[in-house]
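Please examine the sequence and the structure shown here before reading on.

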Amino acid sequence: MNKAKKLLLSKKMIILYWVLGLIAVWEVIASIVAVTKRSPENVLPHIYQVIASVFSNTMAGPTKTITQIVISNAGMTLWRAAVGFLIGMAVGYILALLMSLFKTVEKVAFPYLMIIQMIPILGIAPIILAITKDIDASRIIIAAILTFYPVSTNVLAGFKSVQQEKLDLMFSLAAKRKDVYMKLMVPASMPYFFTGLKIAAPMAITASILVDTLQGGGGLGCMLSQSLKHAMSIYVFWQIAFLSAIVGILSFCLMGVIEKILSPQRKAKL
Amino acid sequence: MKTKKINKNMVTNILYPVIFGAIILILCQTQIMHKILGTDVFTLPLPSRIIEIISENIPKIMVNVKATLIVSVGGLIIGSLLGYLLAIIATVFPKGGAGGLSVAAAFNAIPIVVIAPIFNNLTKGISSDASFRSMIAKTLVVTVFCMASMSINAYRGLNELPPFSVDLLKSYAAGNFTIFKKLRLPNSIPYIFIALRVTVPGCIISGVVCEYFAEYVIGVGRQIRENIVTAQYATAWAYITVACIMGIIMYIILLIAENVLLKGRKS
């Protein structure tokens with residue numbers, strides 16, 4: 001009895017209750033919408049309708065069903081987001097290292113990191129397109145730009161969080177600069193690094209979808225805007241909505257899993 | 001001697017970025033940058049041209065700035081208050097609340113591109129005035145974004161207390177409300193600013209992104225999109241600059257507020 005109660009009140013179950021609650025709210029609104037609106041599926045369909053559309057064989061394009069369209073485009077978008085994410089991660093880490101090694105670099109680069117964050121991504125897209133002459137490359141670069149800011153600021157904060165006593169100890173042992181970084185600074189900054197990655201992963205996906213909307217050539221964003229303009233079934237939009245929400249959350253969780261594997265001694269926080 | 005050193009430090013703090021910015025601007029203006037990047041004046045307009053456009057169109061730009069600011073700041077305020085309220089509720093009911101916050105954190109991971117059209121459609125019935133209802137939709141999206149970030153950070157601030165401080169207050173026979181007022185609330189204030197450092201620039205960006213999908217054509221973000229679609233890159237850049245300036249000004253206001261409110265707290 002007690003065990004069952006414990007299970008029902010465990011953290012995972014409570015999250016499940018909340019998700020069920022949210023689904024209930026969605027369904028209530030959807031029921032209201034279904035009665036009051038002329039085309040309820042444009043505003044808010046029932047969740048079962050969306051799920052049914054995943055398995056239906058209705059043709060949305062000339063050759064493909066709704067699900068096939070969504071999956072093939074999701075592959076493209078997520079691939080670009082992943083490549084951009086990895087590039088941004090590497091560049092962001094290197095920049096944080098440089099900022100920590102040379103005070104001048106930090107002074108020059110840090111304010112501009114803030115400003116890069118504030119440039120609307122759709123705005124830079126055409127410029128990067130003009131430079132790279134390839135829409136896919138520019139989509140990857142934009143995902144990289146968005147990844148790189150949270151990674152580098154968090155890693156830098158991680159480097160700075162190292163206690164002075166530990167640094168003093170390293171110096172008193174006449175440690176080389178390389179050793180100070182390898183043995184102290186880099187391990188100490190790992191939790192911060194992963195915090196950065198957790199912020200960056202959903203952002204890379206968002207950026208990738210958003211830049212898709214700007215030009216054709218395939219990708220979730222393209223399909224999303226076409227679907228909203230009623231050029232194809234509206235369920236394409238709803239499937240993309242659910243898929244990207246799930247992928248966004250999964251990407252966040254994935255970073256947590258990787259963190260646990262790489263540094264199991266640390267307890268993962270919220 | 002010491003004050004002099006601090007002054008030198010502050011001067012380089014400002015001077016280095018300014019020099020760097022000036023070099024970039026000069027490279028753009030003299031079109032050396034265009035050669036390096038292999039682009040032309042059409043896609044990457046000269047800085048002087050951007051400034052010219054901004055100064056020529058100030059009244060029109062201000063209309064759009066105002067629309068974006070109402071959405072962003074409105075969403076920021078409502079979202080932050082709601083987020084803090086959520087954090088308080090989660091603190092009062094720790095069992096169910098913490099799980100709820102995990103769900104709120106998940107909301108942060110949902111791409112804004114998807115939330116924006118949903119809210120747009122949902123609010124269609126609210127008013128017959130397209131400008132009003134699209135403003136409500138945009139504000140709601142910004143609210144969701146700010147709420148998630150604020151609730152997580154405020155919850156940490158309300159609960160990551162100095163060790164034994166709750167026990168100490170309890171040994172003084174302090175009630176839960178007194179503990180909240182004297183301990184949790186002051187403890188959470190730095191965490192509020194951590195959240196705001198993310199949400200203040202974020203609210204402008206998410207406001208701008210929402211406008212791409214909004215029904216009513218107004219706002220800095222919409223102007224960027226319209227001008228890019230019609231290949232008016234110089235005008236688009238003018239609006240991009242304006243959006244950056246808005247974000248920077250909001251951030252500076254936040255830093256000043258933080259300095260004033262957290263005076264003497266920082267180590």
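In chain B, helix H6(B) meets helix H9(B) through Ile112(B), Ala116(B), Pro117(B) and Asn120(B) on the one side and Ser206(B), Val209(B), Cys210(B) and Phe213(B) on the other. Here, two residues are in contact if their C-beta atoms, placed from the backbone, lie within 7 Å. Helices (H or I, at least four residues) are DSSP runs, numbered from the N terminus. By class, this contact of H6(B) with H9(B) comprises six nonpolar, two polar and no charged residues. Ala, Val, Leu, Ile, Met, Phe, Trp, Tyr, Cys and Pro count as nonpolar, Asp, Glu, Lys and Arg as charged, and the others, Gly among them, as polar.

The structure is a predicted model, in which local features need pLDDT of at least 70 and side-chain atom pairs count only at pLDDT 80 or more, while totals for chains, interfaces and linings use all residues. Residues are numbered from 1 along each chain as its sequence is written, and chains are lettered from A and ligands numbered from 1 in the order in which they are written.

Two packed helices are described by the angle between their axes and the distance between the axes. Axes are lines fitted to C-alpha atoms, for helices over the stretch in contact, and angles run from 0 to 180 degrees between N-to-C directions.

| Helix pair | Crossing angle | Axis distance |
|---|---|---|
| H6(B) and H9(B) | roughly 55° | within 9 Å |
| H5(A) and H12(A) | about 40° | 10 Å |

In chain A, H5(A) passes H12(A) in a right-handed crossing. The residues in contact include Ile66(A), Val70(A) and Leu78(A) of H5(A), and Tyr235(A), Gln239(A) and Val247(A) of H12(A). This contact has ten nonpolar, two polar and no charged residues.

How many residues does each chain bring to the contact between the chains? Chain B gives 49 residues and chain A gives 42 residues. On the side of chain B that touches chain A, H5(B) gives the most, with ten residues. That side has 34 nonpolar, twelve polar and three charged residues.

Chain B is divided into domain 1 (1-44) and domain 2 (61-261), with bounds from an automatic or database domain assignment. The C-alpha centres of these two domains of chain B lie 32 Å apart.

How values were computed. Helices (H or I, at least four residues) and strands (E, at least two) are DSSP runs, numbered from the N terminus. A crossing is left-handed if the near helix is turned anticlockwise from the far one by less than a right angle, and right-handed if clockwise.
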